[in-house]
Amino acid sequence: MYEFKRFYIDGAWVTPPGRRELAVINPATEQEVGKIMLGTADDVNVAVKAARTAFETYSQTTREERVALLERIIKVYQSRMKDIAQAISDEMGAPMKFALNAQAGSGLGHFMSTLAALKEFEFEETLGTTMIRREPVGVCGLITPWNWPLNQIGCKVAPALAAGCTMVLKPSEVAPLSAHIFAEVMHEAGVPKGVFNMIDGDGPTVGEALSRHPDIDMMSFTGSTRAGVQVAKAAAETVKRVSQELGGKSANIILEDADLNAAVKSGVLSMMSNTGQSCNAPSRMLVPKKLYEEAVAIAKSVATKPVVGDPKKEGVTMGPVANKMQFEKIQRLLQTGIDEGATAVIGGPGRPDGIDKGYFIKPTVFANVNNSMTIAREEIFGPVLVMIPYETEEEAVRIANDTVYGLSGYVYSGDIEHARKVARRLRTGMVHLNGASTDVNAPFGGYKQSGNGREWGKEGLKEFLEVKAMMGYSAA
């Protein structure tokens, strides 16, 4: 049982004055695995004050000092990897191997890529007689989700530190355990007091207070588009910068000249990774009509491969979805798909056979889907793939772009130039060609209702910097 009833503020663990306790539920067992305290607007005020005070000195640190700090954090983080992975598995159901290598590993990866970016970043450049200088944006409010807890903490905290910003982090109250271990890492690494602060709480209370706070200069939010809209509205009153990474309904276009078996297999397994709980998951597979039936048969076969069950058991590759609310939402959408005429060729509503508790979802593939169906338009956020046929390449691009989202896209072709040509036409922030994995050094973010701003690597560092022009800096 995890007991994390304190907040990390101004370099110390403090007991909040409020007594709103929240149980953390293990989604695999539906049993309580920990307790946290929910913060208030008053707690936010205390943390923001500490961050504002610390900004006066931390913003003036040198690149070398911040490089040394990131290096210390990386070293301590590496020593706590197993603890972080265990907490992630307990709080959101990731199988242990995946929790260690992918979940905990991604947080570490962001610190390492940010360190590399910081060492090479040009904070000043001369344009004629003008000096263009990039300076820390200020005190940042960071709100992170439950699906990739340390990935999202890492890709916000690391660049904020590298830029010279101070911050207040609100991790998801659904999956807060790993965030507390991360705060222990920050403390052990010697982050100066007030630079990093962390408060538990829910969105309507702590999230809202952060977004509205007049001494917060920037909000960095990852979560649903609905919640992102609320953050932006609250932040608008003080005209603070808002950077958001929101929902997605990414299309995976398999072109006629692709290796069909390899493309479908890759697409299905990518969709099922992390139990489908990734905003950039390839959830709409678009296949040439003449190859559609063959592709559906391949997808059905591949969807039998994930081993669903207790995340602690050896060999299990798919755990539950992270919480009851998400489980119930997915069940409703699965039934909606059937009611609207789609065919669940594998999976569908209900728990997998032999499982009677936990928030487990059957790996599901829907055929006979068109892009107007609910399951083709709403972000399901579970291991559910919809397969849509198309007649022409023009139609495939049109279907892919026919969504309110624009986070990611996928294109498979036997000719890389053909894949590149189609990729250029997709209205998305990212495109994966022929199964290429994400690049931790490349910008991550989307178009349209998938958000604004970018995370990861050099572009992620830029997000936490203001641009100052000093005219007449140099002699003519």
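Which residues does T364 touch, not counting residues up to four places away in sequence? I looked this up before anything else.

**Ground rules**

I am working on a predicted model, where local features need pLDDT of at least 70, side-chain atom pairs count only at pLDDT 80 or more, and totals for chains, interfaces and linings use all residues. Numbering runs from 1 along each chain as its sequence is written, and side-chain values use heavy atoms, with hydrogens and water left out.

**Entry: T364**

I found T364 touching M272, L334, I346, G347, G348, P383, V384 and L385, leaving aside residues up to four places away in sequence. Contact here means heavy atoms within 4.5 Å. T364 lies in strand β16. I take helices (H or I, at least four residues) and strands (E, at least two) as DSSP runs, numbered from the N terminus. T364 is buried, at a relative accessible area of 0%. My cut-offs are under 20% relative accessible area for buried, over 50% for exposed, and partly exposed in between, with a 1.4 Å probe and protein chains only. I also noted a polar atom of the T364 side chain 2.9 Å from the backbone nitrogen of G348. A polar contact is a pair of N or O atoms within 3.5 Å; within protein, one must be able to donate a hydrogen and the other to accept it, and residues adjacent in sequence count only if both atoms are side-chain atoms.

**Entry: the sheet around β16**

I traced an open sheet of seven strands, in the order β15-β16-β17-β14-β13-β19-β20, with mixed pairing. The edges are β15 (343-346) and β20 (432-433); each has a single partner strand, so one side of each lacks a neighbour in the sheet. Two strands pair if DSSP finds at least two bridges between them. β15 and β16 run antiparallel and are joined by three bridges. Across that pair, A344 stands opposite F366. Helix α10 (residues 292-302) packs on the sheet and touches β14 (284-288), β15, β16 and β17; its direction makes about 170 degrees with that of β17. α11 also packs on the sheet, touching β16 and β17, and its direction makes about 25 degrees with that of β16. Axes are lines fitted to C-alpha atoms, for helices over the stretch in contact, and angles run from 0 to 180 degrees between N-to-C directions.

**Entry: helix α11**

I checked the length. The 16 residues of α11 (residues 324-339) should span 22 Å at 1.5 Å a residue, and the end C-alpha atoms are 23 Å apart, which agrees. The expected span is 1.5 Å times one less than the number of residues.

Which residues of α11 are buried? I listed Q326, F327, I330, Q331, L333, L334 and G337. They cover an arc of only 165 degrees around the axis, which puts them on the same side of α11. The arc is that of the directions from the helix axis to the C-beta atoms. In general, an α-helix has 3.6 residues a turn, so residues three or four places apart point the same way. The face of α11 turned away from the buried side carries exposed M325, R332 and D339. The cover over the buried residues of α11 includes β16 (364-367), α12 (374-377) and β17 (384-390).

I looked at both ends. At the start of α11, a side-chain oxygen of N323 comes within 3.2 Å of the backbone nitrogen of M325. Just after α11, G341 has a positive phi of about 110 degrees.

Four bridges join β7 to antiparallel β6 (residues 124-127). L127 stands opposite T130. The β6-β7 hairpin has two residues between its strands, and G128 there takes a positive phi near 65 degrees. β7 also runs antiparallel to β23 (residues 465-470), with six bridges. E135 has E466 as its bridge partner in β23.

T129 is in the loop between β6 and β7. T129 counts as partly exposed, at 31% relative accessibility. Its C-alpha atom is 8.6 Å from that of M470, 341 residues apart along the chain.

Most residues other than glycine have a negative phi. I noted D10, with a positive phi of about 55 degrees, in the loop between β2 (7-9) and β3 (12-14). I also noted E30, with phi near 65 degrees, in the loop between β4 (21-26) and β5 (31-37).
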